[in-house]
Number of protein chains: 2
Amino acid sequence: MKLGDGVEAAAHCAAMLAGLEGQAVLPAAALAEYHGLSPSYLVKHLQAMVAAGLLASVPGPAGGYRLARPAEDITLLDIVLAVEGAEPAFRCAEIRQRGPGALPPECFGKPCGINRAMLKAERAWRTALAEVTLAALVAGFQAESHPRSVARGAEFTAARRRGTA
Amino acid sequence: MKLGDGVEAAAHCAAMLAGLEGQAVLPAAALAEYHGLSPSYLVKHLQAMVAAGLLASVPGPAGGYRLARPAEDITLLDIVLAVEGAEPAFRCAEIRQRGPGALPPECFGKPCGINRAMLKAERAWRTALAEVTLAALVAGFQAESHPRSVARGAEFTAARRRGTA
C-alpha cells in the first residue's frame, strides 16, 4: 500500500493555516518556504484541498490560502482524500469472472469475498483517520513542540501573513 | 492510497491452492490460465508469496506451487504484505524539521503527530486484514459461488494438478 508524500505536506500546511486569525491568508510561496518544499509541488496539493472545500483561495497579489472551515471540522481523512482521491485503495478487477471458470455475470450475485474483506479493512483505516481533527493535531503540536519551534512558526506566520486578522 | 492489482491475483491463486490435497501442486501456467492472467505477471506475485513463506515452490517439469502452511494460518494481511511489501503506506519525511523553522534534531523528541495518527490508522487496517484467514475466504467462496463455478474450478484443478494427492 502506498500513499503519496503530498499527504504530509498538505497536513502540515493545513496545520499552519489553522493558526491564522480572522480572514488572514498565507501565500503558497510562504507555506513552501516554511516547509522547505517547492512552490509548484505544493500548489497542486493546496488546490486539491481547495477543490475539496477544506481551504479557501484568495487570488491576487495580496492573496493566499486560509482554512475554509474551522479546524474542528476538518479531519485527517478529509485531507488524505483531498490529496489522494476518494477511490478505494483496492480495486477489484473481478478476476473470478475470467478464464475457463468464467460464467455469465448473473452467476456472480454478491461481490467477491476478497473485495469485501479489503474494503472492510479500508473502512477501519478511514474511520481511524476521521477521528483525528486538524484542531487536535494543532493542539498536539503546540503541546509537544519545542518552545523555540512554536515561536519561530508564529514569527514566520506574522511576517508573511496577508490580509486583516 | 493505492494498492497494486497483484493483491487480487495473489489472493485468488492462494485460494485455489488451498483446494489441493496432500503434496499436490499447480503450475504457474495453470493458475494464470484459470484466472485469465499472463504467466509472467503472475510468477512475480507467486514468488513474492514463496519468499514470504506462504507458498512452497516445487521446481522441475512436474513442479508448481502449493501452500506452505495450512490455510487457517495464512491471513489476508500476510498476502497483502507479501505482494505489496511490509513498509507503512505513510512515510514521514520529517517536513517539520525543514525550512526556516528548523531546529536541531534533538528538539524533535517525539514522532510528529501526523505520522503517529497515520500509522495508527494503518494499524487498524492491518488488524482488520489479519482477522481474515485464507480458510475463511475459501469457505466463503464455496458457500456463495454458483455451483457450476465450484464444479468448474474442481474439474480444472483435477486436470492440471501435479504430484500425489
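**Salt bridges between the chains**

Modeller: Let us start with B:Arg116, which is partly exposed at a relative accessible area of 32%; here buried means under 20% relative accessible area, exposed over 50%, and partly exposed in between (1.4 Å probe, protein chains only). This is a predicted model, where local features need pLDDT of at least 70 and side-chain atom pairs count only at pLDDT 80 or more, while totals for chains, interfaces and linings use all residues. Residues are numbered from 1 along each chain as its sequence is written, chains are lettered from A and ligands numbered from 1 in the order in which they are written, and side-chain values use heavy atoms, leaving out hydrogens and water.

B:Arg116 makes a salt bridge with A:Glu144, with 2.9 Å between the closest N and O atoms; the term stands for a side-chain nitrogen of Lys or Arg within 4 Å of a carboxyl oxygen of Asp or Glu. The pair joins two chains, because B:Arg116 lies in helix H5 (residues 113–130) of chain B and A:Glu144 in helix H6 (residues 134–144) of chain A. Helices are DSSP runs (H or I, at least four residues), numbered from the N terminus. A:Glu144 is partly exposed too, with a relative accessible area of 37%.

Salt bridges with shared partners also link A:Lys110, A:Arg116 and B:Glu144 into one network. Within it, A:Arg116 and B:Glu144 meet at 2.9 Å, N to O. This pair crosses between chains, from helix H5 (residues 113–130) of chain A to helix H6 (residues 134–144) of chain B. Over all chains, the count comes to eleven salt bridges.
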